[in-house]
Amino acid sequence: MSSNEASVVLVHGAWADGSSWAKVIRLLAADGIKVVAAPLPLTSFADDLAAIDRSLERVTGPVALVGHAYAGAVIGATRDDKVKALVYVAALAPDEGETVADVFYRTEPHPLAPKLVADGHGLIWLPEAAFSEAFAQHASAEEQTLLAVVQRPISPACVTVAMERPLWKDRPSWFLVAEHDRMIVAETQHFMAARMKARIRSHPVDHTPLVTAPDAVVDIILEAIRDAAGEHGAQG
């Protein structure tokens, strides 16, 4: 799984779209790495998993599958054999039998975390103020505005489905812990990463390091590609 043959599939979280990966995509592409950003409909967990699997069908060779926030749960649900490494970026990683909501609410939320309520259509939007207060407080005002404008709502049907055996039990995983995260507190991230036996890289970043600290995100992705290649070679 060298950087020459590996593909990276990036999966956005709730209240975001593929454009949130723009800085990471540019850096990976500059290294000659093939990148695909998987678009999630955020309409149900099953729909999101199907979207990831369709994106994986588009690539050949070994894959490092990268999920931000909510997408951590979805990347753990795929069964595609091309996936050789899983990278969690300030992400949620429910265990078998758990839901996304179970791990998201396992501890007291940060005082500035937004209160989430579904609208009249049953969809959950992030309040505009949350982008500067909790979602990406380290981002520039322009970046926060862009994130708020392009946000996509999430359905409760995404976060209430019990997880089957997650792929991180069968593939090596890496976890970027965002120590300044106000959406998924660092304590919860450390808890999930430790029980996954993930390689943990901790940084003083907010919930959206793909926007505010893209170098750190690219570093852990490249580490996953390199180390997964070494493990594959040793097993072979």
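Predicted model: local features only at pLDDT ≥ 70, side-chain atom pairs only at ≥ 80, totals over all residues.
With a relative accessibility of 16%, aspartate 80 counts as buried, because the cut-off for a buried residue is under 20% relative accessible area.

**The whole chain**

Next, display the entire protein chain as a cartoon. Nine helices and six strands make up its secondary structure. The C-alpha trace spans about 50 × 35 × 30 Å along its principal axes. For 236 residues, a compact globule would have a radius of gyration near 18 Å, and the 16 Å of the protein chain agrees with this.

Switch to a surface view. The accessible surface comes to about 10000 Å², and carbon and sulfur atoms account for 54% of that area. Buried residues make up 53% of the 236 residues in the chain. Of the contacts with a separation of 6 or more, 72% are between residues 24 or more positions apart.

Colouring by charge gives another view of the chain. There are 20 positive and 30 negative charges, and their mean positions are 4 Å apart.

**Further salt bridges**

Now select arginine 226 and aspartate 227. A salt bridge joins them, with 3.6 Å between the closest N and O atoms. Arginine 226 is exposed, its relative accessible area being 53%, while aspartate 227 is partly exposed at 27%.

**Two serines**

Move to serine 44, in the loop between strand E2 (34-38) and helix H2 (45-57). Serine 44 counts as buried, with 16% relative accessibility. To see what surrounds the residue, show Tyr70, Ala157 and Cys158: serine 44 touches these residues when those up to four places away in sequence are not counted.

Continue to serine 55, which lies in helix H2. At 4% relative accessibility, serine 55 also counts as buried. Its contacts, leaving aside neighbours within four places in sequence, are with Val36, Ala38 and Pro39. Then use the distance tool between the C-alpha atoms of serine 55 and glycine 122. These two residues are 67 residues apart in sequence and 27 Å apart in space.

**Two positive phi angles**

Select alanine 90, in the loop between strand E4 (83-89) and helix H4 (100-104). Its phi is positive, at about 45°, although the residue is not a glycine. Alanine 90 counts as buried, with a relative accessibility of 0%.

Where is lysine 197 found? Lysine 197 is in the loop between helix H7 (186-196) and E6. This residue has a positive phi of about 60°, and it is not a glycine. Lysine 197 has a relative accessible area of 69% and is exposed, since the cut-off for an exposed residue is over 50%.

**A last stop at arginine 182**

Finally, select arginine 182, in the loop between strand E5 (173-178) and H7. At 23% relative accessibility, arginine 182 counts as partly exposed. Which residues are in contact with arginine 182, leaving aside its neighbours within four places in sequence? They are His110, Leu112, Ala113, Glu133, Ala134 and Gln137. Arginine 182 and alanine 29 are 153 residues apart along the chain, and 30 Å separates their C-alpha atoms.

Methods: Residues numbered from 1 in each chain as written. Heavy atoms only, no water. Buried < 20%, exposed > 50% of the residue type's maximum accessible area, 1.4 Å probe, protein only. Salt bridge = Lys/Arg side-chain N within 4 Å of Asp/Glu carboxyl O. Helix = DSSP H or I, 4+ residues; strand = E, 2+ residues; numbered from the N terminus. Rg over C-alpha atoms; globule rule 2.2 N^0.38 Å. Contact = heavy atoms within 4.5 Å. Areas by Shrake-Rupley, 256 points an atom, 1.4 Å probe, with all protein chains shown as cover. Lys, Arg positive; Asp, Glu negative; His and termini not counted. Charge placed at Lys NZ, Arg CZ, Asp CG, Glu CD.
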